[in-house]
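Subject: Structure handover

Hello,

I am passing on the structure we spoke about. Please look it over before reading my notes below.

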Amino acid sequence: MKITYFGHASIGIQVGDINILVDPFISANPKASHINIGELKADYILLTHAHQDHILDVEVIAKRTNAIVVSNYEIVSYFEKLGIEGHPMNHGGQWDFEFGNVKYVNAIHSSSFPDGSYGGQPGGFVIEGEHKNIYIAGDTALTMDMQLIPLYIKLDLAILPIGDNFTMGIDDAILASNFVKCDKILGYHYDTFGYIEIDHEVAKRKFFDVGKDLMLLEIGKSIEL
Ligand code: NI
Ligand code: MN
């Protein structure tokens, strides 16, 4: 499984020859100006919630690639009206896709579309593919629900928001990594806007001091699990 960071909360996941894109917000992110969304591959687009900084590039990418949008029922219905194929889910449900299993899990946040309309309830994803298991928390507060995840799966990577203000910050993300029982963390949802700028060295040291590895990838860079 190959994980690529496209900035903000945008993640690429390659499982075999299947390409999954999560929460594409790239074209309006000045820090990601070197990423051309016209070249991104996508067989599936997973969306945690309806906020603009998670869905901005969905329509353009899905119409070019014919990717299937996987999200909550309300978000999938919204994109189906735009002629985009979708697979609706809801909290606690899982499905075996051609690349592996996806479970839509709880997140504490909000989820309105840019026009203010209802975007369902926000979530995160637990994804199993090629015998690797990852958790993408989405925009969320620290929540006790995270403790449910290690009851049914052993994670190889937790992708957690660390930018604070709109989501968890560093200290809560460390507690979240304890809750999900994972010591390998990819930080996301930081630095994009003034409200969520972080000190990278302080963040890494705080995780290091409790025996955990916080990775902060350059935009466009990948890791292999
Ligand atoms: Ni949000
Ligand atoms: Mn967000």
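This is a predicted model: local features need pLDDT of at least 70, side-chain atom pairs count only at pLDDT 80 or more; totals for chains, interfaces and linings use all residues.

The nickel ion (ligand 1) is coordinated by His49 (NE2), His51 (ND1), His109 (NE2) and Asp139 (OD), at 2.2 to 2.3 Å. The angles among these four donor atoms run from 87 to 176°, and the site is irregular. Along the sequence, the donor residues follow the spacing H-x1-H-x57-H-x29-D. Histidine 51 sits in the loop between strand 4 (44-46) and helix 1 (52-55), and histidine 109 in the loop between strand 8 (100-106) and strand 9 (123-129), so this pair ties together parts that are 58 residues apart in sequence. Histidine 51 counts as buried at 17% relative accessibility, while histidine 109, at 24%, counts as partly exposed.

Aspartate 139 coordinates both metals, and the two ions are 3.1 Å apart. Both aspartate 139 and histidine 189 are buried.

On the helix 5 side the contact residues are Ile170, Asp171, Ala173, Ile174 and Ser177, and they meet Ala203, Lys206 and Phe207 of helix 6. Of these contact residues, five are nonpolar, one is polar and two are charged.

Regards

Terms used:
Residues are numbered from 1 along each chain as its sequence is written. Chains are lettered from A and ligands numbered from 1 in the order in which they are written. Side-chain values use heavy atoms; hydrogens and water are left out. Buried means under 20% relative accessible area, exposed over 50%, partly exposed in between (1.4 Å probe, protein chains only). Contact means heavy atoms within 4.5 Å. Helices (H or I, at least four residues) and strands (E, at least two) are DSSP runs, numbered from the N terminus. Ala, Val, Leu, Ile, Met, Phe, Trp, Tyr, Cys and Pro count as nonpolar, Asp, Glu, Lys and Arg as charged, and the others, Gly among them, as polar. Donors are N, O and S atoms within 2.8 Å of the metal (3.2 Å for Na, K and Ca); water is not among the atoms, so sites may look incomplete. Four donors count as tetrahedral if all angles lie between 85 and 135 degrees; four count as square planar and six as octahedral if opposite donors are over 155 degrees apart and all others between 65 and 115; anything else is irregular.
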